[in-house]
Amino acid sequence: MRDDDDELLAALGEALRAREAVPEWFVETGKNAYAWHNIDAELAQLTYDSDSDRNAVAMVRSEAASIRALTFTSAQLSIELEVTEGSLVGQIIPPRAGTLEVHTTAGVTSSPVDEIGCFMVEPVPSGPFRLRCRMEDGADVLTGWITL
């Protein structure tokens, strides 16, 4: 080959490598756009965590409760959650039927919520997770990420 051919091949190779490299701003824009995919869901705030009360209780009682309790609250509903050794047991207040989704880094699983608002998730997620309640009356509530 001639030098011109070598230069042309080098330039083509460089152009292809540059095309394959995704700019950081483009990746960040994609992540930000995905963050808005559930914008219609109302956010529920963690309003109670029994784990934060354990230090105060330890000064009064000699043994701590083995069940962790969490409460998430939104304008539409509250999610009361108990973390047991092998499951999450909870209730939607005020009671209503629907579906509870557990979002983890591995994917999404669903559990039914009965007409009195009760649900159970097995097993307890081992890493970060968030809950999404899609109720039959149209309420759609999403919690923040939590790690137990």
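Leaving aside neighbours within four places in sequence, Ile79 is in contact (heavy atoms within 4.5 Å) with Leu70, Thr71, Phe72, Gln91, Ile92, Phe119, Leu131, Cys133 and Thr143. Ile79 is also among the residues with the most contacts inside the largest nonpolar core. This is a predicted model, in which local features need pLDDT of at least 70 and side-chain atom pairs count only at pLDDT 80 or more, while totals for chains, interfaces and linings use all residues. Residues are numbered from 1 along each chain as its sequence is written, and side-chain values use heavy atoms, with hydrogens and water left out.

**Overall make-up**

- The protein has three helices and nine strands; helices (H or I, at least four residues) and strands (E, at least two) are DSSP runs, numbered from the N terminus.
- Read from the N terminus, the elements follow the order α-α-β-α-β-β-β-β-β-β-β-β.
- Of the 148 residues in the protein, 30% are buried; buried means under 20% relative accessible area, exposed means over 50%, and partly exposed lies in between (1.4 Å probe, protein chains only).
- The accessible surface comes to about 10000 Å², and carbon and sulfur atoms account for 55% of it; such areas come from the Shrake-Rupley method with a 1.4 Å probe, and for residues only the protein chains shown count as cover.
- Among contacts between residues at least 6 apart in sequence, 51% join residues at least 24 apart.

**The sheet**

- Strands of a sheet pair through backbone hydrogen bonds, either parallel or antiparallel.
- Nine strands form an open sheet with mixed pairing, in the order E6-E5-E8-E9-E1-E2-E3-E4-E7; two strands pair if DSSP finds at least two bridges between them.
- The edge strands are E6 and E7 (118-121), each of which pairs on one side only.
- Neighbouring strands of this sheet are turned by 25 degrees against each other on average, direction ignored; the axes are lines fitted to C-alpha atoms, for helices over the stretch in contact, and angles run from 0 to 180 degrees between N-to-C directions.
- Strand E2 (residues 68-73) pairs with E3 in the antiparallel sense over six bridges, and Thr73 has Ser78 in E3 as its bridge partner.

**Strand E5 and its partners**

- Strand E5 (residues 98-104) is largely enclosed by the rest of the structure, because five of its seven residues are buried.
- Seven bridges join E5 to the antiparallel strand E6 (residues 107-113), and a hairpin links E5 to E6 through two residues.
- Within this pairing, Thr104 stands opposite Gly107 in E6.
- E5 is also joined by seven bridges to strand E8 (residues 129-135), again in an antiparallel arrangement, with His103 opposite Arg130 in E8.

**The nonpolar core**

- In soluble globular proteins, nonpolar side chains tend to be buried together.
- The largest nonpolar core has 21 residues, and those with the most contacts inside it are Ile79, Ile92, Leu100 and Phe119; such a core is a set of buried Ala, Val, Leu, Ile, Met, Phe, Trp, Tyr and Cys residues joined through side-chain atoms within 4.5 Å.
- The elements giving two or more residues to this core are E2, E3, E4, E5, E7 and E8.
- E8 provides the largest share of this core, with four residues.

**Loops and cis peptide bonds**

- Ser87 lies in the loop between strand E3 (78-83) and strand E4 (88-93), and Ser87 counts as buried because its relative accessibility is 8%.
- Beyond its neighbours within four places in sequence, Ser87 is in contact with Glu82, Met120, Val121, Glu122 and Val124.
- Pro94 is found in the loop between E4 and E5, where the peptide bond from Ile93 to Pro94 is cis, with omega near -5 degrees.
- Pro94 has a relative accessibility of 41% and therefore counts as partly exposed.
- Apart from neighbours within four places in sequence, Pro94 is in contact with Gln76 and Leu77.
- Pro94 and Ser78 are 16 residues apart along the chain, and their C-alpha atoms are separated by 7.3 Å.
- Pro123 lies in the loop between E7 and E8, and the peptide bond from Glu122 to Pro123 is cis, with omega near -10 degrees.

**Cysteines**

- The structure holds zero disulfides, a disulfide being a pair of cysteine sulfur atoms within 2.5 Å.
- Cys118 is partly exposed, with a relative accessible area of 28%, whereas Cys133 is buried, at 0%.
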